[in-house]
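Please keep the sequence and the model in view while reading.

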Amino acid sequence: MALRLRAEMPEIKGITEWVNGEVIREELQGKPVLIHFWSISCGICKKSLPDVNKMREEYPQLKLVGIHMPRSEKDTDIDAVKENIVKYKLKHPQGIDNTHSVVDAFENEFVPAYYLFDTKGKLRHRSAGEKALTMLKNPLERVLGEIE
């Protein structure tokens, strides 16, 4: 993960297909945003999706955006990705990034990965892997505390 802290949020362009609504960076400005990278072939990702959904419910002021990052040719099956979006009740916008446009813009290499941006669109925290959600808790509360 090379995107540096305090970096500006990259553009969210080049998505193969959106599910649950399309997102552009300009619409996210002024809100705290969590960009969540995941993949259907990632077991840890699937295990963490219920926690991601819980965050969506617990923090309605947080704008959540999922980006599906294929790790193999098999992962580019859009129908399979959509089935998982339904299965795991991912109701927030999901970008299927089969060409890695957003993945590359964020310089992301891992799933699951979380990028937290403040209301000014600056990166405040990033974490990846099994403990990523735990590591996100304090920075998330800090960013949300700034808007109250």
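The sections below treat the sheet, the helices, the nonpolar cores and some individual residues.

## Basis of the description

The model is predicted: local features need pLDDT of at least 70, side-chain atom pairs count only at pLDDT 80 or more, and totals for chains, interfaces and linings use all residues. Residues are numbered from 1 along each chain as its sequence is written, and side-chain values use heavy atoms, with hydrogens and water left out.

Helices (H or I, at least four residues) and strands (E, at least two) are DSSP runs, numbered from the N terminus.

## The sheet

Six strands form an open sheet of mixed pairing, in the order β1-β4-β3-β2-β5-β6. Two strands are taken to pair if DSSP finds at least two bridges between them. β1 and β6 (123–128) are the edge strands, each pairing on one side only. On average, and with direction ignored, neighbouring strands of this sheet are turned by 15° against each other. Axes here are lines fitted to C-alpha atoms, for helices over the stretch in contact, and angles run from 0 to 180 degrees between N-to-C directions.

Strands of a sheet pair through backbone hydrogen bonds, either parallel or antiparallel. β2 and β3 show the parallel sense, over six bridges, and Ile35 stands opposite Val65 in β3. β5 and β6 run antiparallel and are joined by five bridges; Tyr114 has Ser127 in β6 as its bridge partner. The hairpin of β5 and β6 has five residues between the strands, and Gly121 in this hairpin takes a positive phi near 80°.

Helix α2 lies across β2, β3 and β5 and runs at about 160° to β2. It also packs against helix α5 (residues 132–145), at an angle of about 15° and with the axes 12 Å apart. α2 is therefore roughly parallel to α5, a term that applies to angles under 35 degrees, whereas over 145 counts as roughly antiparallel, 65 to 115 as roughly perpendicular and the rest as oblique. The residues that meet are Ser48, Asp51 and Met55 in α2 and Leu133, Leu136 and Leu140 in α5. Contact means heavy atoms within 4.5 Å.

## The nonpolar cores

A nonpolar core is a set of buried Ala, Val, Leu, Ile, Met, Phe, Trp, Tyr and Cys residues joined through side-chain atoms within 4.5 Å. Buried means under 20% relative accessible area, exposed over 50%, and partly exposed in between (1.4 Å probe, protein chains only).

The largest such core holds 34 residues, of which Ile12, Ile35, Phe37, Phe106, Tyr115 and Phe117 touch the most other members. Elements that each supply at least two residues of this core include β1 (17–19), β2 (33–38), α2 (43–58), β3 (63–68) and β5 (113–117). The most comes from β2, with four residues. A second, separate core of 14 residues includes Leu34, Leu64, Leu116 and Leu133.

Residues up to four places away in sequence left out, Ile12 touches Trp18, Val23, Leu28, Ile35, Ile67, Val102 and Phe106. Leu28 belongs to helix α1 and counts as buried because its relative accessibility is 3%. With the same exclusion of residues up to four places away, Leu28 touches Met9, Ile12, Val23, Val33, Lys63 and Val65. From C-alpha to C-alpha, Leu28 and Tyr115 are 13 Å apart in space, and they are 87 residues apart in sequence.

## Loop residues

| Residue | Relative accessibility | Class |
|---|---|---|
| Lys89 | 53% | exposed |
| Asn20 | 39% | partly exposed |
| His100 | 24% | partly exposed |

Lys89 is found in the loop between α3 and β4 (94–96). Apart from neighbours within four places in sequence, Lys89 is in contact with Asn53 and Arg56.

Most residues other than glycine have a negative phi, and most peptide bonds are trans. Asn20, although not a glycine, has a positive phi of about 70°; its place is the loop between β1 and α1 (25–28). His100 is likewise not a glycine and has a positive phi of about 60°, in the loop between β4 and α4. The peptide bond from Val111 to Pro112 is cis, with omega near -15°, and Pro112 lies in the loop between α4 and β5.
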